Amino acid sequence: MDARPRNGVITQYNEPFIEQRADPYVYRHTDGSYYFTASVPEYDKIVLRKSDTLLGLKDAQETCIWKKHDSGKMSKHIWAPEMHYINGKFYIYFAAGREEDKWRIRPYVLECEGQNPLKDKWKELGKIQRSDDDIYSFKSFSLDATILENKGQMYYIWAEKVAAGVGISNLYIAKMKSANKLSTAQVLLTTPDYDWERVDIWVNEGPAVLKKDGKIFLTYSASATGECYCMGMLSIGEDDDLLDPRAWVKEKKPVLRSDAEKGFYGPGHNSFVKAEDGRDICVFHARTYRDIEGDPLYDPNRHTMLMEVKWSEGRPVFDYENMLR
């Protein structure tokens, strides 16, 4: 697949970090090493890279650690993997559909049976389990889970569609009992309120967690996956009740959106990681061109990009001037 179509323009800002890898997630382990995973254009497997340095991930060897099933659960649309380390074990959270029903997207979990995620076997734990008192979660299109830890408590945050037809994608939050089971019922965190969250389809998805000085920032992606795709943000104090949606503050405007002059189109589905020197880095995907032939979902040219997060008056600032290359 051509990573740089004829109508794409590479500027001094938008040189891809890793080409054709969407929904990127970078995890820094306790030993300082970095791991990278993302959606591949074929949506048929989960891949991992490892490097001693963040920038080293660009040229690190990529290993396939799991492949989709031929039919049934986890056999179609393998999307948005994230790797987390919980209670001494590596886990990968991802979404998948069925070959027989490709839009029956649900969240699943893999557990590494050893401490070498590139070489050790990964065990399927199945679909994430809702709490015993929850009859709603994961009954419909559900994806893009991330994990938030605060004061020793783990929280599961994910996107799920409600309503008939195309549906509306909201973000929900719940406490976790274990790596693959929730302990509380879902709480609606945010729904598409603003026009910029409702372009083509109404979407809040792709949550990512950033912390600093007692504040928790939660970015997310909004609207359809073309040029209109952009990043919004919520914030809350670490001492507040994370299950109280009224305690979260939602930004009225996107914090990152397309910029034709600098050559970024449809930025979103990001993650955050610390660089070796402690700087906060936003890992996101974007295209280098606007016009897409066919369904944007199957356009392979969403590339992984790196941006340093600057801080102003205790708030993160996302600016294409701060790209890492």
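Arg-246 and Asp-244 form a salt bridge, with their closest N and O atoms 3.2 Å apart. Arg-246 is exposed, at 75% relative accessibility. The model is predicted. Its salt bridges come to 21 by the rule used here. Side chains of opposite charge can pair when their charged atoms come close.

Three of these pairs are tabulated here.

| Pair | N to O distance |
|---|---|
| Arg-246 and Asp-244 | 3.2 Å |
| Asp-239 and Lys-151 | 3.1 Å |
| Arg-279 and Glu-308 | 3.2 Å |

The salt bridge between Asp-239 and Lys-151 links distant parts of the chain, 88 residues apart. Asp-239 sits in the loop between β16 (230–237) and β17 (249–250). Lys-151 sits in the loop between β9 (142–150) and β10 (153–162). Asp-239 is exposed at 64% relative accessibility. Lys-151 is exposed too, at 57%.

Next, the pair Arg-279 and Glu-308, joined by a salt bridge. Arg-279 lies in the loop between β18 (265–274) and β19, and Glu-308 in strand β20 (residues 303–308), so the pair ties together parts 29 residues apart in sequence. Arg-279 is partly exposed, at 31% relative accessibility. Glu-308 is buried, at 12%.

Strand β19 (residues 280–287) holds His-285. His-285 is buried because its relative accessible area is 1%, with the cut-off for buried at under 20%. A polar atom of the His-285 side chain lies 2.9 Å from the backbone nitrogen of Asp-23. Beyond four places in sequence, His-285 touches residues including Arg-21, Pro-24, Tyr-229, His-269 and Arg-302.

Conventions
Residues are numbered from 1 along each chain as its sequence is written. This is a predicted model: local features need pLDDT of at least 70, side-chain atom pairs count only at pLDDT 80 or more; totals for chains, interfaces and linings use all residues. Side-chain values use heavy atoms; hydrogens and water are left out. Helices (H or I, at least four residues) and strands (E, at least two) are DSSP runs, numbered from the N terminus. Buried means under 20% relative accessible area, exposed over 50%, partly exposed in between (1.4 Å probe, protein chains only). A polar contact is a pair of N or O atoms within 3.5 Å; within protein, one must be able to donate a hydrogen and the other to accept it, and residues adjacent in sequence count only if both atoms are side-chain atoms. Contact means heavy atoms within 4.5 Å. A salt bridge is a side-chain nitrogen of Lys or Arg within 4 Å of a carboxyl oxygen of Asp or Glu.
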